[in-house]
Amino acid sequence: MNRKRDRLEIIHDILYAIKEKHGNIKPTHILYKSNLSHQMLTEYLNELISKNFIVEKVDKDGKRKYELTERGYAYINDYSVIRNFVDSYGLG
Amino acid sequence: MAFSCFSPNWFSGLDIIFELIFAIILLVIAVFAFRAYKLSDQKKIKYIGYGFLFIGISYIIQSIFNFLIIAKLDDNICKMVLLQQVALLELLGLYSHLIFWTIGLMFLVYMTFRSENKMLLVLLNLIALISIFLSQNHLIMFYALSSAVLIYLIGHFMNNYLVCHKRNALLIAAAFVFLLVSQIHFLFSMDHIKFYVMGHVFELLAYLIILFNFYRIHKNESKKR
């Protein structure tokens, strides 16, 4: 499908990739899963951190990993409802 | 929408119940929209929340004023002073309803635009409210303007349905068609009081469809879980 994803869906894809790996995911893996450019992913990750959807952790090897916060889990749980609501009113 | 002078006697009081039902439905959707906005940070969801909130408040105001009018008329129908108070209450109720309904509708229009410029929202509201209050007959202008805006919104929702082919989108388009029909009935209710009742019935249908769509979204999700 060549449909362009909206912000709501991109954020869901990033958070879902993090959830699947139980908080043990590197930026390159998120990049691959979310199908974004490096620059776009960096912008989204920074935004998600600043809005408390995810937290960044640095392990002893200096590698960055990401974990979902409670708000991040809530977003994934409510995503379908919000998605259908948004689609009903043509806001996507 | 209730304006006591256009209402048949048997419908007085019932219209207040109708308006409270409309308000409750709209406030439920508005609260959900604000919650969804808080979580998703999507501004368009916030605008739909404000739209439904303002329209919901307009019904609450209208029902309160209609209740006060009925209460006053029941108490002292023959006293001239009280009749003047009734007229004042009716005007206050009418104008607050017009203002809140118009602002709510303009939020819904604004949500359909790609622009994030808030001045556009201010401009839309100014044009609408100035047109209504500078016209010779405020009510006719209000209903005519609401109908025109609703036609635009139906176009948006139908277009959305044609793109996504989802039943939820069709339900919302249908609900707004009923809202448009209700506004047209209210336009004629100034001459024929039966249109006032019909307008309420169509409005009720519209809001029940919006509520059903909301219920459907949640039901489908809980089935998946």
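Trainee: What should be kept in mind about the numbering and the values?

Mentor: Residues are numbered from 1 along each chain as its sequence is written, while chains are lettered from A and ligands numbered from 1 in the order in which they are written. This is a predicted model in which local features need pLDDT of at least 70, side-chain atom pairs count only at pLDDT 80 or more, and totals for chains, interfaces and linings use all residues, with side-chain values using heavy atoms and leaving out hydrogens and water.

Trainee: Why is Asn84(A) called buried?

Mentor: Buried means under 20% relative accessible area, exposed means over 50%, and partly exposed is in between, with a 1.4 Å probe and protein chains only. Asn84(A) has a relative accessible area of 16%, and therefore counts as buried. This residue is found in helix α4 of chain A, where helices are DSSP runs of H or I with at least four residues and strands are runs of E with at least two, numbered from the N terminus. Not counting residues up to four places away in sequence, Asn84(A) touches Lys166(B), Asn168(B) and Ile217(B), contact meaning heavy atoms within 4.5 Å.

Trainee: What makes Val55(A) partly exposed?

Mentor: Its relative accessible area is 31%, so Val55(A) belongs to the partly exposed class. Val55(A) has its place in strand β1 of chain A, and, leaving aside neighbours within four places in sequence, is in contact with Lys65(A), Tyr66(A), Glu67(A) and Thr69(A). The C-alpha atoms of Val55(A) and Leu68(A), which are 13 residues apart along the chain, are separated by 6.5 Å.

Trainee: Which class does Ala71(B) fall into at 29% relative accessibility?

Mentor: At 29%, Ala71(B) counts as partly exposed; its place is in helix α2 (residues 43–75) of chain B. The C-alpha atoms of Ala71(B) and Tyr37(B) are 34 residues apart along the chain and are separated by 40 Å.

Trainee: Where does Asn52(A) lie, and what is its phi?

Mentor: Asn52(A) lies in the loop between α3 (38–50) and β1 (54–58) of chain A, and has a positive phi of about 65 degrees although it is not a glycine. With 43% relative accessibility, Asn52(A) counts as partly exposed. His165(B), in the loop between α5 (138–164) and α6 (167–188) of chain B, also is not a glycine and has a positive phi of about 55 degrees, but at 57% relative accessibility His165(B) counts as exposed.

Trainee: Why are α1(A) and α4(A) called roughly antiparallel?

Mentor: Axes are lines fitted to C-alpha atoms, for helices over the stretch in contact, and angles run from 0 to 180 degrees between N-to-C directions. Angles under 35 degrees count as roughly parallel, over 145 as roughly antiparallel, 65 to 115 as roughly perpendicular and the rest as oblique. The axes of helix α1 (residues 7–20) and helix α4 (residues 70–88) of chain A come within 10 Å and cross at roughly 150 degrees, and the pair is therefore roughly antiparallel.

Trainee: What makes α4(A) and α1(B) oblique instead?

Mentor: Helix α4(A) and helix α1 (residues 14–40) of chain B pack at an angle of about 130 degrees, with their axes 10 Å apart, and these two helices are therefore oblique to each other. Among the residues that meet are Tyr75(A), Ile82(A) and Phe85(A) in α4(A), and Ile29(B), Phe32(B) and Leu39(B) in α1(B). The residues of this contact divide into 10 nonpolar, 1 polar and 4 charged.

Trainee: Which residues touch the most other members of the largest nonpolar core?

Mentor: A nonpolar core is a set of buried Ala, Val, Leu, Ile, Met, Phe, Trp, Tyr and Cys residues joined through side-chain atoms within 4.5 Å. In the largest one, of 86 residues, Ile14(A), Tyr89(A), Phe176(B) and Tyr207(B) touch the most other members. Leaving aside neighbours within four places in sequence, Tyr89(A) is in contact with residues including Ile29(B), Ile48(B), Phe52(B) and Met111(B).

Key: Nonpolar A, V, L, I, M, F, W, Y, C, P; charged D, E, K, R; others polar.
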